[in-house]
Amino acid sequence: MKIFCGRANPTTGSVEWLEEDEHYDYHQEIARSSYADMLHDKDRNIKYYQGIRAAVSRVKDRGQKALVLDVGTGTGLLSMMAVTAGADFCYAVESSPEDIFKEEGTEREKHRCERETLVFKPMADAAVKIVEKNGFSDKIKVINKHSTEVTVGPDGDMPCRANILITELFDTELIGEGALPSYEHAHRHLMQEDCEAVPHRATVYAQLVESRRMWSWNKLFPIRVQTSLGEQVIVPPSELERCPGAPSVYDIQLNQVSPTDFTALSNVLPMFSVDFSKQVSSSAACYGRQFEPLASGQAQVVLSWWDIEMDPEGKIKCTMAPFWAHTDLQELQWRDHWMQCVYFLPQEEPVVQGSALCLVAHHDDYCVWYSLQRTSPQKNGRIHPARPVCDCQAHLLWNRPRFGEINDQHRTDQYAQALRTVLKPDSVCLCVSDGSLLSMLAHYLGAEQVLTIESSAASHRLMKKIFKANHLEDKINVIEKRPELLTSADLEGKKVSLLLGEPFFTTSLLPWHNLYFWYVRTALDQHLGPGAVVMPQAASLHAVVVEFRDLWRIRSPCGDCEGFDVHIMDDMIKHALDFRESKEAEPHPLWEYPCRSLSEPQQILTFDFQQPVPPQSVRAEGSIELRRPGRSHGAVLWMEYHLTPDSTISTGLLKPAEDKGYCCWNPHCKQAVYFFSTMLDPRAPLGGPQTVSYTVEFQPLTGDVTMDFTLSDTLSDGR
C-alpha cells in the first residue's frame, strides 16, 4: 500500500508531496535507530545478563516458577537471556519505537506523545523471528501491544501475573521514554507483589558547576562590535535575561567536554533513587540535597547522569558517569543511546564557598529539572511542581548549538570584518537568515538602510524585542513573510545593494540545506540593484575520509550478541536503508565523536551565490587518496561559506588535522556523515592505504545532494 507524504524541502523551501510505502516512517526509525549501539554495549548486556540470572535464581530458591514480563523487548535479547537463565516462561512486550534521536524542546514532547500511542509492528515481527531462530518460541510469547493494554486472565495476553519484571525503558534522562508510567501500570496490573525487577534500582546523580561555555548554550551574551565610532555592544532583552529557558534536557557526550570548560561548585550528589521492584509513582515530586559549595562562583549548570543496579545488593551496577566521576576508568563504556545530561538553572546565582545550599531535583512523569534553594523544600515548603517554560521565544527558536554560535565572539568578528569590506555609506542591506544578528552588524557598520526577513511570527517577535532592547526598533525594518513573496513595496521601492546571510535556517538538518539562501537569492534577483553584492559570495562542499573511535558502532552489524543470533535485526536495518532518505548522509555533532582523518580534506562542489541557481545539475566525480592507515568508516562532509575572497566560515574542520589525523570540528554545527557500510563490520579485513572514488551531484530542481562513495579495492559501499 502506498501513501502520500507531505515534506517541507529544507533546501528549496517548497512543500513536496511524495508517494511512500505505508511503513516509510517506521523504516526511517529503524534506519536511524540505536539498536546496533545497544547491542554493541557489552557492559549493558553483561550486567543485564548477570542481573537476570540472579533474579531467576532468587525466585527459584523460593520454590516458585519464574514468570517474566519483559517490557520494551526490542530484539527479544533480554527475554532470551531470561529463558537461558532458567525462566519458565517469558512475556515479551514490544510496544513502540525507541527514543532514537537527540530530541530537544517541543520535538521531544512530540515524540513522547507518539510513544504513548503507537505500537511498532515491524519491531515486534523481528522479535518473533529472532526468538524463533534461537529456538525459544516455546518459552517466549511476543505481545505487540503497549504494556498498558496487556491483559491478564484465562483469555488474556498473560494467564497470570508475572513475578520478574525486566525492562529497558530508559533514555539519557532516565525517565524520558515513559519509564515511570510504564512501571506504575505494570506493578498495579501485571506483576505479583514482592516481585523481582531487573534492573532493581536506579539512582540519579547531579553536580553543580559554573561554565561560561555551557551557559552560552542557554543565554544570549553581550556581543561587541568595533565600529568607526567606537565599540557598540548588542545586549539581550530583559525578557531573555529573566526567562527560565526551555523545559528540555540537553543530552551530550559529556566525556568530550574538557574539565577546563567548567568549575565544579559541588561534589557529585545522589539526588533520588527509584526502586523498580516496588510500586512506582509517576506523580510529580522533588528531592533536595544540601551541600557546601566547593568554591565561590556563579551557579549556572547542573551536570547529571544515572546508574542502574541490577540486584538488590547493588553488586551489579551499570553507570553513565563521565570519566571524572567514574570509579574505574578501565570499565568506562562508550555508548550513544545513554549519554549524560546538561540542565540549566532558571537563573545563574552567586554561591559562596562553604555557605550551605540545597540543590533540588524536580520531576514529573517524563522530565527532570533543577533549582537552587537556600534551604531544603521540606523545611520551607517551597515546591515547584511546574516545569520551567520559555516565555521569551528564543529558547523555542534557537537550539543549544545555535545559542553557542550566536555567542561566539570570534565568529561575529569574522562577519564584521567581511562586512567592512563590502559596505558603502549608501548600502541598502537585506538580511536573510533565521533569527540572525547580522542586520545589527550591518547597521552599526554604516549601512544606510537595513531590512531583515523573518518568515515566522515567533521569530519576528523575538527580533523585534532584540532590536528594541538596543534602541534599533526604528532603524531596522523587520519584514514578516517568506523571502520569495517579497515585493517592491516591502523595500519601499528601493533596490538591494547588499544581500546578506550567514546563512542559517532553522529547517536545515544537513549542511547543504542552508543552500536555501541560494534559492532565496534567485527569487530576489529582480530586487537586486546593478552591481549588488551577495555575501557570502560563494559556498563549497568539502569531504574527508575518517576513522571513528566509537561512532561507527551505531551502524555496525552485530551478528551474535552474548551468544544469541540477532542477524535478523541486522537484515532489518539493512532493508530499511533501501529507503531513499535512509541512504543519505546523516547529521552528527562531531565535536562529541572523536575521529582521525585518513585523507586530506578535499573540495567537492562549489556554489556561486553571485549567480542564480542554475537549471542544470552541478556534478563532481573524483577520488580521495588515503594518506594514513586505518579503517575507513565513512566520509564527513561540510559546507564552507566564502564571505569575501579573503574570509571563509567553515561549518566543519576548523584547522588542519594533526600529524596523527585528529580532527577539530566546529562545535556549533552538525556535520554530515556518510558511512561506508562494508567497513563498519569489525570482522571486515583491514587493508592498507586505499583510494575512495566519489560521485556527488547537486540537483537544482529538488535541492538534493546525492552521493556515492566506493573504496578502491572493490570494497564497494554497497548501498
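Reply: Of the 719 residues in the chain, 58% are buried. Keep in mind that this is a predicted model. The chain has 17 helices and 36 strands, and its accessible surface comes to about 28,800 Å², with 50% of that belonging to carbon and sulfur atoms. If you take the contacts between residues at least 6 apart in sequence, 77% of them join residues at least 24 apart.

Now for the part you asked about. The open sheet has five strands, and if you walk across it you meet them in the order E22-E21-E20-E23-E24, paired in parallel. What stands at the edges? Strand E22 (476-479) is at one edge and strand E24 (528-535) at another, and each has a single partner strand, so one side of each has no neighbour in the sheet. On average, neighbouring strands here are turned by 20 degrees against each other, if you ignore direction.

Let's zoom in on one pair. Strand E20, residues 428-432, runs parallel to strand E21, residues 449-453, and five bridges join them. To find your place in this pair, look for Leu430, which stands opposite Leu451 in E21.

Helix H15 (residues 457-469) lies across E21 and E22, and runs at about 170 degrees to E22. H16, in turn, lies across E20, E23 and E24, and its angle to E24 is about 175 degrees.

Pro503 sits in the loop between strand E23 (496-500) and helix H16 (516-523). A cis peptide bond joins Pro503 to Glu502, with omega at about -10 degrees. Pro199 is in the loop between strand E7 (191-198) and strand E8 (201-210).

Why point these out? Most peptide bonds are trans, and most residues other than glycine have a negative phi.

Asp194, found in strand E7, has a positive phi, near 60 degrees. Is Asp194 buried or exposed? With 69% relative accessibility, Asp194 counts as exposed, because the cut-off for that is over 50%. Glu562 has a positive phi as well, near 55 degrees, and is placed in the loop between strand E26 (560-561) and strand E27 (564-565). Its relative accessibility is 24%, so Glu562 counts as partly exposed.

One last thing to check is the cysteines. How many disulfides does a search of the whole structure find? The search finds zero. Cys390 is in no disulfide, and the nearest cysteine sulfur, that of Cys392, is 3.8 Å away. Cys390 is buried, at 9% relative accessibility. Cys595 is in no disulfide either: the nearest cysteine sulfur belongs to Cys663 and is 4.1 Å away. Cys595 is buried too, with a relative accessible area of 5%.

Notes
Residues are numbered from 1 along each chain as its sequence is written. This is a predicted model: local features need pLDDT of at least 70, side-chain atom pairs count only at pLDDT 80 or more; totals for chains, interfaces and linings use all residues. Side-chain values use heavy atoms; hydrogens and water are left out. Helices (H or I, at least four residues) and strands (E, at least two) are DSSP runs, numbered from the N terminus. Buried means under 20% relative accessible area, exposed over 50%, partly exposed in between (1.4 Å probe, protein chains only). A disulfide is a pair of cysteine sulfur atoms within 2.5 Å. Contact means heavy atoms within 4.5 Å. Accessible areas come from the Shrake-Rupley method with a 1.4 Å probe; for residues, only the protein chains shown count as cover. Two strands pair if DSSP finds at least two bridges between them. Axes are lines fitted to C-alpha atoms, for helices over the stretch in contact, and angles run from 0 to 180 degrees between N-to-C directions.
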